[in-house]
Amino acid sequence: MESPPPVVAKAARLRPQIVGLLSLALVLAVAMVGAIAWHQGIFGSRAQLYFLADDATGLAPGTAVRMSGFRIGKIDDLQLLPDQSVKVTLSIEAELFERLRSDARANVVREQLRPAAIDLRVGSAEARLSRDDPRVAFTRRGTLNEIADDLRNRFAPILDDMRQLSGVARDRKGDLDAILQNTNTISTALAGTAEQMRGLATELRQRASGLGTQSETAMVQANRSLVRIDGLIRQAERGLDAVNTKLPTMLEKTELMLGQLDGVLRDGRTISAAAAQGLPPLLRGAPPLVEESREMVQGLRDSWALRLILPPPPPALLPIDSHDAAALRDGR
């Protein structure tokens with residue numbers, strides 16, 4: 001029996017290894033396809049929503065949809081509407097659809113050297129996004145080039161105005177020099193005025209300080225006077241209190257005294273009336289009694305016994321305008 005050629009024998013030995021490598025490659029390809037399909041959400045439940053854009057610049061089917069930086073879906077379809085707007089349909093994970101509110105918003109983000117993406121904002125309204133019409137608002141965030149173009153369009157008129165102003169300033173340079181010179185003169189005058197104002201302010205402060213000292217002295221004296229007046233008022237109040245306390249008693253005593261004096265006057269009037277009734281007869285009988293007593297005394301003096309004992313009487317001196325008892329007796 002002849003042996004197989006060496007090439008055939010080597011191929012027979014390597015066939016199991018080749019089959020194993022092919023099988024491994026097939027498994028890896030299937031796994032890769034499955035991973036891609038899983039990553040694209042083919043095997044999971046999906047939910048769709050849409051927004052309307054003016055144009056589809058930078059957008060294409062398969063563009064990533066992100067929420068808080070995480071990829072949650074992609075663009076499924078772009079459809080041109082009769083009014084020239086573009087309906088962009090998004091496909092996201094079904095469980096994340098419940099988080100969207102009625103004011104949810106889709107922002108197109110286009111950064112340099114990176115593909116465009118859809119940034120989906122959840123919103124803050126109380127109502128959830130409707131499943132019957134899951135439309136979200138749409139805004140477009142400009143790229144650096146668009147921002148630069150917008151800034152250039154905004155700054156161009158400003159630069160033109162500045163160039164015109166610079167030209168006017170060059171034409172009016174002489175006037176500006178005169179204005180600056182006048183300003184310098186005015187500044188010098190203002191400096192002198194300010195110095196005078198400072199001197200005046202210093203003088204006013206000194207006068208105000210003197211007035212303050214005088215006012216303080218006057219206030220101290222006024223306070224002392226008020227203290228004295230307060231003391232006098234208190235003494236007067238105490239005196240009035242004493243008078244108010246003693247006055248009723250004094251009035252009662254005065255009233256009692258007046259009552260007693262009235263009684264004494266009444267008694268005096270009674271006595272005077274009684275004396276007036278008994279005094280005339282007494283006065284009419286008094287002269288004879290006096291004359292008889294004089295005669296008796298004269299007789300006793302004439303007697304020798306008493307004349308020896310008693311000294312002689314001095315001569316009688318009659319006062320001016322005197323009346324004789326006999327004359328009084330005869331004229332009754």
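View 1. Seven strands form an open sheet in the order S1-S4-S3-S2-S6-S5-S7, and the pairing is mixed. At the edges you'll find strand S1 (46-53) and strand S7 (137-140); each has a single partner strand, so one side of each is left without a neighbour in the sheet. Going from one strand to the next, the twist averages 30°. A quick word on terms: two strands pair if DSSP finds at least two bridges between them. Angles run from 0 to 180 degrees between N-to-C directions, with axes being lines fitted to C-alpha atoms.

This is a predicted model, in which local features need pLDDT of at least 70 and side-chain atom pairs count only at pLDDT 80 or more, while totals for chains, interfaces and linings use all residues. Residues are numbered from 1 along each chain as its sequence is written, and side-chain values use heavy atoms, with hydrogens and water left out.

**View 2. Where S5 meets S7.** Strand S5 (residues 105-109) and S7 run parallel, joined by four bridges. Look for Arg105: the residue opposite it is Ala137 in S7.

View 3. Ser68 sits in the loop between strand S2 (64-67) and strand S3 (70-80). Its phi is positive, about 55°, although Ser68 is not a glycine. Is Ser68 buried or exposed? Ser68 is exposed, with a relative accessible area of 67%. (Buried means under 20% relative accessible area, exposed over 50%, and partly exposed in between, using a 1.4 Å probe and protein chains only.)

**View 4. Gln84, in another loop.** Gln84 belongs to the loop between S3 and strand S4 (86-93). Here too phi is positive in a residue other than glycine, with a value near 70°. Gln84 is exposed, and its relative accessible area is 54%.

**View 5. Stepping back to the whole chain.** Count along the protein and you get six helices and seven strands. Starting at the N terminus, the elements go α-β-β-β-β-α-β-β-β-α-α-α-α. (Helices, H or I with at least four residues, and strands, E with at least two, are DSSP runs numbered from the N terminus.) Of the 332 residues in the protein, 14% are buried. The protein exposes about 26500 Å², and carbon and sulfur atoms supply 62% of that; the areas come from the Shrake-Rupley method with a 1.4 Å probe. Now take contacts (heavy atoms within 4.5 Å) between residues at least 6 apart in sequence: 60% of them join residues at least 24 apart.
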